[in-house]
Amino acid sequence: MRMIGKNGRKDLANVYLAEIKNGLMVEFVDSCDPLVGGRDKKWVIVVSSQFGCPVGCLMCDAGGNFKGNLDRGQIIGQIKRVFEESPELDPRKCGKLKIQFARMGEPALNDAVIDAIHWLAEEYPGAMPCIATMAPAGRGQWFESLLNASQRFSDIQLQFSMNTTDPEMREQLIPYPKMSWPQVADLGKRFYRPGRRKPSLNFALSPGIPVEADRITDYFDPEYFAIKLTPLNPTATAGENLLECVNSFERAKLLVAEKAKEFSVLGYQVIESIGNMEENEIGSNCGQMVRKYKADMPEYEKAPA
Ligand code: SF4
């Protein structure tokens, strides 16, 4: 791995850009939550699982330009690299070590992600893996393997990217074959364990994208599913696709709070995740750093793959 760049602040989030081989780049994140304390209290590492992404979500800078999957060592290498940045800390003693397979790439399209999760269970059994997925069609066996691997951890976060309750709009926003809602509902229920986090349905809210809480109650039982709401992050791709993003913290808070009420009255546990607007400046949204690098150095795209 050849480190190309780093952007951010150690006390919030650093985004790293690295070349894995022959012009193939990944980005990964090393972050903490200033409200909780340092990395010894909570440490969140977000890694890439694919070079680019074949899904091509309309709001994501990582979409398109798909060049293949990372292997187990390449995924693990990002986690190890982040640990090397804080040699004074023992990740095994961290209060909450969260490894998110949610950066560039759809993790459920890469079998090596399962291998990396088993490695995590062996090396850092106190860690919590987090998988954010749009639930691609035809990957039932992958999720069976994930279910099996998840038994090795006391907690795991499984997040399904919904983004809208309008099925047609969802096809446009996430233009890739995906599981039906009943399939996602069956799958999520199987991951549910009392005392663990519920699988969540994630919505990146934008004023122009319909999210109507009562449209999903027939499929997703609040007993098994939580709702996670975030404002839609301002990415270059979202702008090109004319998706309205919310840049001000106050507006984002209001948008999320209003929608949270609608889900709460239906019995859902709602996680309101606004984040720090500064992270948008840092470029910590998925694919932003690779995209910026390629825009600044377009000849890099021509490097042999
Ligand atoms: S949001 Fe995830 S699945 Fe969609 S294009 Fe980006 S990396 Fe791929």
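Two strands are said to pair here if DSSP finds at least two bridges between them. Helices (H or I, at least four residues) and strands (E, at least two) are DSSP runs, numbered from the N terminus. The model is a predicted one, in which local features need pLDDT of at least 70 and side-chain atom pairs count only at pLDDT 80 or more, while totals for chains, interfaces and linings use all residues. Residues are numbered from 1 along each chain as its sequence is written, and side-chain values use heavy atoms, with hydrogens and water left out.

At the S1 end, strand S1 (residues 2-9) and S2 run antiparallel and are joined by seven bridges. The two make a hairpin with three residues between them. Along this pair, Arg2 stands opposite Glu19 of S2, and Lys6 stands opposite Tyr16 of S2. Strand S2 (residues 13-21) is mostly covered, with eight of its nine residues buried. Buried means under 20% relative accessible area, exposed means over 50%, and partly exposed is in between (1.4 Å probe, protein chains only).

Lys21, which lies in S2, stands opposite Leu24 in S3. Lys21 has 43% relative accessibility, so it counts as partly exposed. Met1 is 20 residues from Lys21 in sequence, yet the two are 7.2 Å apart in space, C-alpha to C-alpha. The hairpin of S2 and S3 has two residues between the strands. Asn22 lies in that loop and is partly exposed too, with a relative accessible area of 49%.

What is the phi of Asn22? Its phi is near 40°, a positive value in a residue other than glycine. Most residues other than glycine have a negative phi. Asn163 is another case, with a positive phi of about 70° although it is not a glycine. This residue is found in the loop between strand S9 (157-161) and helix H4 (167-173). At 9% relative accessibility, Asn163 counts as buried.

Further along the sheet comes strand S4 (residues 42-47). Six of its six residues are buried, so S4 is largely enclosed by the rest of the structure. Lys42, Val44 and Val46 point one way from S4, while Trp43, Ile45 and Val47 point the other way. Strand S3 (residues 24-31) runs antiparallel to S4, with three bridges joining them, and Val29 has Val46 as its bridge partner in S4. Strand S7 (residues 96-101), by contrast, runs parallel to S4, and six bridges join the two. Here Lys42 stands opposite Lys96 in S7.

A nonpolar core is a set of buried Ala, Val, Leu, Ile, Met, Phe, Trp, Tyr and Cys residues joined through side-chain atoms within 4.5 Å. The largest such core has 66 residues, and those with the most contacts inside it are Leu146 and Phe220. Its largest share, eight residues, comes from helix H2 (residues 112-123). A second, separate core of 18 residues includes Cys53, Cys60, Ile209 and Cys245. Leaving aside residues up to four places away in sequence, Leu146 touches Ile114, Ile117, Ile131, Ile156, Leu158 and Phe191, where contact means heavy atoms within 4.5 Å.

Two packed helices are described by the angle between their axes and the distance between the axes. For H2 and helix H3 (residues 140-150), the axes come within 10 Å and cross at roughly 0°. The two helices are therefore roughly parallel to each other (angles under 35 degrees count as roughly parallel, over 145 as roughly antiparallel, 65 to 115 as roughly perpendicular and the rest as oblique). Val113, Ile114, Ile117 and His118 in H2 meet Trp142, Ser145, Leu146 and Ala149 in H3. By class, this contact of H2 with H3 has six nonpolar, two polar and no charged residues. In that scheme Ala, Val, Leu, Ile, Met, Phe, Trp, Tyr, Cys and Pro count as nonpolar, Asp, Glu, Lys and Arg as charged, and the others, Gly among them, as polar.

Note on methods
Axes are lines fitted to C-alpha atoms, for helices over the stretch in contact, and angles run from 0 to 180 degrees between N-to-C directions.
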